[in-house]
Each structure stands twice: as structure tokens, then as C-alpha cells.
Amino acid sequence: MWCRIQLRRENGRVVVHLAGHLSEAQVPELLASCAEGANPLVELDELVSADAVGLDALQRVEQQGAQFVGLLEYLRFELDALRRKQRT
């Protein structure tokens, strides 16, 4: 399965768009893209799924100040479950 990561700037803000399946192979590109600017906007409306490493990367990006737009409910559930698991 593939993942497309596109980076653009809108009104001085970094916008990262993800589509497809986020897996370990794409995590370095995602992290580098999100590091291009403070508090990036991450568009996730076309993200279909993510493996455990991809979910962990999304969680780290969000904790560092990224704003998520269009995150599917089941992926939000997975991120919340991961956060709860890490607290115990």
C-alpha cells in the first residue's frame, strides 16, 4: 500500500497533506515535513490507515503542536488508545 505526503505553504503556514496508508517507511518524510514550520496543519482526510509506527509518529507530531484536520474517527480512537496505553 502507498502513502503520499505533500508539503505546501499557505499564508505562511506549513500544510502537510497525507493520503493512503501511513507506515514506518514514510515516517521519516512525515516528521521532516512537519519540522518545516512551527505548528503545521496536517490534512488527514485522505489518510485511510496507519500502522503502529505511523500512529506513534502522528501522536508525536500532534504533541509537538501540529493541528489535525479531517482525521477519521477510527484513527482518532486509535491515537487516543495509544495515548492511554502509554500512560499505564
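User: Which residue's side chain is joined to that of histidine 21 by a polar contact, and what is the distance?
Analyst: Happy to start there, with the note that this is a predicted model. Histidine 21 sits in strand β2, which spans residues 13–22. Its side chain makes a polar contact with one serine, and the two are joined at 2.4 Å; the partner is serine 49.

User: Is histidine 21 buried or exposed, and what is its relative accessible area?
Analyst: The cut-off for buried is under 20% relative accessible area. Histidine 21 falls below that cut-off, so it counts as buried, with a relative accessible area of 17%.

User: Where is glutamine 26, and which residues is it in contact with, leaving aside neighbours within four places in sequence?
Analyst: Glutamine 26 belongs to the loop between β2 and α1. Although it is in a loop, glutamine 26 counts as buried at 14% relative accessibility. Leaving aside neighbours within four places in sequence, its contacts are Cys3, Ile5 and His21.

User: Which residues touch the most other members of the largest nonpolar core?
Analyst: Good one to have on screen. This core has 22 residues. Two or more of them come from each of β1 (3–10), β2, α1 (27–34), β3 (41–50), α2 (52–63) and α3 (73–87). In soluble globular proteins, nonpolar side chains tend to be buried together. Here, the members touching the most others are Leu18, Leu22, Leu30, Val42, Leu44, Leu58 and Phe68.

User: What does leucine 18 touch, not counting residues up to four places away in sequence?
Analyst: Leucine 18 is one of the core residues that touch the most other members. Its partners, not counting residues up to four places away in sequence, include Leu30, Val42 and Leu44, which are also in that group.

User: Within what arc do the buried residues of α1 fall, seen down its axis?
Analyst: The buried residues of α1 are Val27, Leu30, Ser33 and Cys34. They line one face of the helix, and what covers them includes β1, β2, β3 and α2. An α-helix has 3.6 residues a turn, so residues three or four places apart point the same way. Seen down the axis of α1, its buried residues fall within an arc of 130°.

User: Which residues is glutamate 36 in contact with, leaving aside its neighbours within four places in sequence?
Analyst: Glutamate 36 lies in the loop between α1 and β3, where it counts as partly exposed at 43% relative accessibility. Leaving aside neighbours within four places in sequence, glutamate 36 is in contact with Leu7, Arg9 and Val14.

User: What is the relative accessibility of asparagine 11, which has a positive phi?
Analyst: Most residues other than glycine have a negative phi, and most peptide bonds are trans. Asparagine 11 has a positive phi of about 50° and is placed in the loop between β1 and β2. Asparagine 11 counts as exposed, with a relative accessibility of 85%.

User: And where is asparagine 39, and what is its phi?
Analyst: Asparagine 39 is in the loop between α1 and β3. It counts as partly exposed at 42% relative accessibility. Though not a glycine, asparagine 39 has a positive phi of about 50°.

User: Which element has the lowest mean pLDDT, and which the highest?
Analyst: Over the chain, the mean pLDDT is 93, and 99% of the residues reach 70 or more. Among the elements, the lowest mean, 88, belongs to α3, and the highest, 97, to β2.

Notes
Residues numbered from 1 in each chain as written. Predicted model: local features only at pLDDT ≥ 70, side-chain atom pairs only at ≥ 80, totals over all residues. Heavy atoms only, no water. Helix = DSSP H or I, 4+ residues; strand = E, 2+ residues; numbered from the N terminus. Buried < 20%, exposed > 50% of the residue type's maximum accessible area, 1.4 Å probe, protein only. Polar contact = N/O pair within 3.5 Å; in protein donor to acceptor, adjacent residues only side chain to side chain. Core = buried A, V, L, I, M, F, W, Y, C linked by side-chain atoms within 4.5 Å. Contact = heavy atoms within 4.5 Å. Arc of directions from axis to C-beta. pLDDT = per-residue confidence, 0-100.
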